[in-house]
Amino acid sequence: MTFLLIRTTMKTRFSWSCSPMVLLVSLVIGLSACEQALIKPNPANKPVENFDLLWKTVDEKYSYFTYKNIDWKALYGKYRPRIKDDMSEEELFRVMGDMLYELKDGHVNLVSPFDVSRNWEWYLGYPANFNETILERNYLGSDYQIARPFQTKLFNDSVGYIRYSSFLSLISEEVLDRLIKKYANTSGIIIDIRDNTGGAIAMVNVLAARFVEKKTLMGYNRYKAGPGHNDFTKAYPKHLEPKGTSYKGKVVVLTNRKVYSAANEFAAYMAELPNVTLIGDQTGGGGGAPISGELMNGWTFRFSANQLLNPRMEQIEFGVPADIKVDISPADEAAGKDTILETALQFLAQ
Amino acid sequence: MHFLLRSALWLPFIPLAAWAQTDSSHTVRPPALEDIRYDTINRSRYRIRGTAIGALTLKDQFLSPLKYSGMYLSMDRTAYRQLPGKLRKTRLITHSTGLSNGLNDNSLLQTGFEYNYAWFFPVGRVNAGKTSFYAGAMATGLFNLKIHLGNVNNVLSYDVAVSLGPVGMAQRRFRLFRRTFMLTEELSLPVVSVMARPPYAWPLPYFSEEGGRFTDALQVGSWNRFMRIQNQVSLDFYLKQKKRRKLVGLNAYRLTYQWNYQQMNRPNKLQTGMHSLFLGRIIKF
């Protein structure tokens, strides 16, 4: 309409053909149309498209296919035929969750508004080896200290006990300084991280740095560097240096199968120190840090995208073994006995 | 549909440009940039301050496989300096955006800045001197920080680039409603770039020993790794022309349509498209 008006008004003097400026501006505005072609629209929010996006993202960025000997393409062939356009959300979730379950990884989850898919085989198939009620009622009693985020107690006037239940809880250097000074003259310290399922890796460094005497190689990190299953960066070393007030005596770390992720990394670090002994069960693992993705239907997912290795370049994805393997038997638990803690107390009393 | 709506905003430029052909023999001229060929004495400076609003589309494979789009807001500070036979331009743009994917509740925030430094040289005139063409080189430095609030570990993404490439500019002076206007088209295309993006799938930034050094992320390349089309069509219009016949020293206003497309291919593909309308004031001093 605007064009017509202009042409009518200016018809005596108007000339399109003689304007390089018009051509240039038109060309550039036309060029901007290419953006739509360059940035492809999101796939349709349909079961097949969502399944394919999940499979492809994991295919290109998951870090343990080779280590776990998983044939991801074969799994596509196994699960893809189960995807139908008319299936319900619950059915789609179940198929996708089943596919992810095969990764045998506690860091892999599919999150929907009605459920979270997970593989918790890493601890469910093993003795619990921790009973908080027994610990509180029969060992800590009512006279333990709460120095957040720790629960602490001096056992037998000679052994310091520190319980840290989640690496999600931030540790202040001041609290650590006070704690280490308080237990400086003990015969040993017990750090109880049983049932600690991880959190912030930064807290691993903060806590472990109090127990190293010199700069120490704690392990290596390598990351996915491309879409191929074996495309990794070089292994970057991870050193830890002493910081603040450090503890020079014997240290026992209590572990069970529910020690996972950042807590697993802490156990791996501590296992490298000469004055540290791990007592309890092997940790649950979780050697990779997860990253997130999202699907068109709003569901999110996460999966491991790197590998943490110990100083001998060995994987810790399936856990760190205890130096002294101890289980709490059903009979001990029935008797209200924390066998792992008692073993640690005896070990430090020697 | 979005594109059609966005394009529709710029359609008025076409008839305006066409209407420019109706300019006959008016003698009043603004302090146009086209005068630089002859303006060897007056070392004029122009400053342009203003705000742009528009739409940004982004697909950052480090953060999400999905495309995000939303409103774009920026502050723009441009300075021109006329020197004998050439024109120097510096430009600083700061922006922030809030984006959504239109499919779920996840959101993505982006903030950043861009600095341009360019030299223009006159290369020709047509239409009896009313249309002028310039060519030159432009250096660009940019930094964008993106935050995906729904992610774990891969929450932050960034793109940093310093690039060098040719830039072209065409200007057309015309009369409309007894006022003088200047239509300017500017297009730049970086050829050589040094850039950095987050690692392919690293949850850690380059701040620690185990995350590597920042230099590990640096890449040097051309269009195979970094492509950027930076385009703007500006319409300058001068005020109070009826009252004052002599225009030198007058302030003017600039309305600009900007379209930028940026693509980084490694280690994760990043695509950004931006359309915006800028309105600012030109101050000559």
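Modeller: Helix H4 (residues 47–61) of chain A lies across E11 and E12 of chain A and runs at about 20° to E12(A). Axes here are lines fitted to C-alpha atoms, for helices over the stretch in contact (heavy atoms within 4.5 Å), and angles run from 0 to 180 degrees between N-to-C directions. Helices (H or I, at least four residues) and strands (E, at least two) are DSSP runs, numbered from the N terminus. This is a predicted model, in which local features need pLDDT of at least 70, side-chain atom pairs count only at pLDDT 80 or more, and totals for chains, interfaces and linings use all residues. Residues are numbered from 1 along each chain as its sequence is written, chains are lettered from A and ligands numbered from 1 in the order in which they are written, and side-chain values use heavy atoms, leaving out hydrogens and water.

The strands under discussion belong to an open sheet of 4 strands in chain A, ordered E2-E1-E12-E11 with antiparallel pairing; two strands pair if DSSP finds at least two bridges between them. Its edge strands, each pairing on one side only, are E2 (116–117) and E11 (290–294) of chain A. Within the sheet, strand E1 (residues 109–111) and strand E12 (residues 300–304) of chain A are joined in the antiparallel sense over 3 bridges. Val111(A) has Thr300(A) in E12(A) as its bridge partner. Helix H6 (residues 89–101) of chain A lies across E1 and E2 of chain A, at about 160° to E1(A).
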